[in-house]
Amino acid sequence: MVDAHRTFVIVGGGLAGSKAAEALRAEGFTGRVILIGDERDHPYERPPLSKGYLTGADDRDSVFVHEPAWYAGADIELHLGQTVVGLDRADKTLRLGVGTRVHYDTLLLATGAEPRRLDIPGTGHVGVHHLRRLAHADRLRGRLTALGQENGQLVIAGAGWIGLEVAAAARSYGAEVTVIEPEPTPLHTVIGPEMGTLFADLHQEHGVRFHFGARLAEIVGQDGMVQSVRTDDADEHPAHDVLAAIGAAPRTALAESAGLELAPGPGGGIAVDSSLRTSDPDIYAAGDVASMAYQSLHATGPASGEKSLRVEHWANALNSGPAAARAMLGRDVTYDRVPYFFSDQYDVGLEYSGYAPPGTYDQVVCRGDVAKREFIAFWLRDNHVLAGMNMNVWDVTAPVQELIRSKSPVDPDALADPDVPLSALSGGGGGAPKG
Ligand SMILES: Cc1cc2nc3c(=O)[nH]c(=O)nc-3n(C[C@H](O)[C@H](O)[C@H](O)COP(=O)(O)OP(=O)(O)OC[C@H]3O[C@@H](n4cnc5c(N)ncnc54)[C@H](O)[C@@H]3O)c2cc1C
């Protein structure tokens with residue numbers, strides 16, 4: 001069928017979906033492009049919601065992926081505030097909540113993820129927050145302003161990236177902040193205790209209190225308002241507001257109901273191959289919801305070999321959406337980017353590349369000044385670099401990723417020596433990402 005007669009539908013008006021729509025037009029696709037999203041706002045970027053937008057440094061207009069007029073200009077049929085509730089693969093139709101049916105020739109699922117909910121008593125009290133959407137950020141921002149003025153208490157469940165970023169934002173308003181975390185350090189399951197401790201120190205210096213080794217057990221309220229929280233080790237903390245920052249779950253309901261293959265395990269996501277194609281050849285998935293098949297960048301150890309990985313990061317949405325669009329057009333696509341993440345907390349900015357949770361690495365090597373928080377940390381196994389994090393050191397992502405991609409053994413002493421260029425250590429065997 002010629003392009004002009006084909007209809008490509010994208011479900012999910014987030015970064016992956018809107019960037020896929022943009023890429024379809026950039027690649028010269030002349031058929032219909034329909035982008036359906038259940039939020040009323042035009043597609044926007046979520047990172048500012050726990051950073052500049054939450055602190056008030058960034059204005060609302062700055063978060064949108066495109067100006068509203070761009071969609072009509074690019075001939076993208078944008079349906080906002082519409083939930084896709086059914087997918088009939090035999091008929092190639094989608095059913096919208098309002099009852100309308102939409103035909104597709106090729107479909108992209110970019111339905112993202114949603115915050116995990118606390119399953120404890122008291123979550124219905126006024127003052128319990130999640131953070132995923134602009135409206136959540138607006139509400140939280142209003143409360144942080146009030147907490148700052150009243151010396152109020154914010155309790156954050158979860159010392160992951162979002163929990164820590166909100167802790168920093170809340171301190172900028174002057175709110176009192178307590179973070180409850182079951183692991184012994186912040187970010188423990190992502191980067192391990194060596195670097196986790198550094199984040200604990202950073203936040204404690206700014207007045208954040210941590211309660212490690214415990215989970216929230218109950219949110220106690222009075223007259224329907226949050227009053228305190230109880231932890232499962234029988235402690236109690238005063239609270240006016242509680243943020244549940246305990247991770248996100250992929251929005252797979254549509255894919256699951258249509259019988260598409262999901263990656264195994266909890267939070268597995270929609271299984272896609274290296275061209276981002278699902279178990280149905282006419283359906284692709286990208287962004288937070290997709291679980292990508294990839295040849296692990298780990299040369300040895302438990303994380304080596306053929307894996308599937310769901311990456312919940314901005315750069316993955318930014319790049320996998322367009323990669324899926326190119327694959328939908330029949331281009332040869334192998335999506336094999338090194339996972340990448342960035343974060344800003346107080347005066348610390350960082351980028352993290354790779355994948356090295358505890359249990360996969362055997363040492364952490366640093367180059368630079370850790371005490372001044374100007375350094376690069378490398379996670380190694382058998383002298384192979386699995387991941388790297390540059391903190392307040394910039395323009396090193398390419399060589400760090402090259403080290404990971406090359407799978408070449410490195411000398412840890414040379415890695416720690418700032419006089420040895422990183423590019424001299426990678427052996428040049430990795431090649432650029434193809435997606
Ligand atoms: C507060 C916050 C801060 C973050 N900060 C960072 C950061 O600093 N660095 C970083 O790398 N990453 C960060 N991330 C992660 C990053 O924002 C996500 O990886 C990215 O938004 C994923 O984009 P996506 O398009 O895949 O999914 P989403 O952004 O979740 O978009 C999916 C869209 O699809 C819609 N949808 C779902 N199901 C349906 C349906 N059935 N019908 C219609 N619409 C549907 C959803 O409502 C949503 O609008 C942050 C995330 C959050 C929430």
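Strands β14 (residues 225-231) and β15 run antiparallel and are joined by three bridges; strands here are DSSP runs of E with at least two residues, numbered from the N terminus, and two of them pair if DSSP finds at least two bridges between them. The model is predicted, so local features need pLDDT of at least 70 and side-chain atom pairs pLDDT 80 or more, while totals for chains, interfaces and linings use all residues. Residues are numbered from 1 along each chain as its sequence is written, and side-chain values use heavy atoms, without hydrogens and water.

Turning to the helix, α8 (residues 314-328) has 15 residues and spans 21 Å from first to last C-alpha, close to the 21 Å expected at 1.5 Å a residue; the expected span is 1.5 Å times one less than the number of residues. Twelve of the 15 residues of α8 are buried (under 20% relative accessible area, with a 1.4 Å probe and protein chains only), including A315, P322 and M328. Just after α8, G330 has a positive phi of about 90°.

Where is R132 found? R132 sits in the loop between β9 (128-129) and α4 (134-150). R132 is buried, with a relative accessible area of 17%. The side chains of R132 and D288 make a polar contact of 3.0 Å, that is, a pair of N or O atoms within 3.5 Å, one able to donate a hydrogen and the other to accept it.

Key. Helices (H or I, at least four residues) and strands (E, at least two) are DSSP runs, numbered from the N terminus. Buried means under 20% relative accessible area, exposed over 50%, partly exposed in between (1.4 Å probe, protein chains only).
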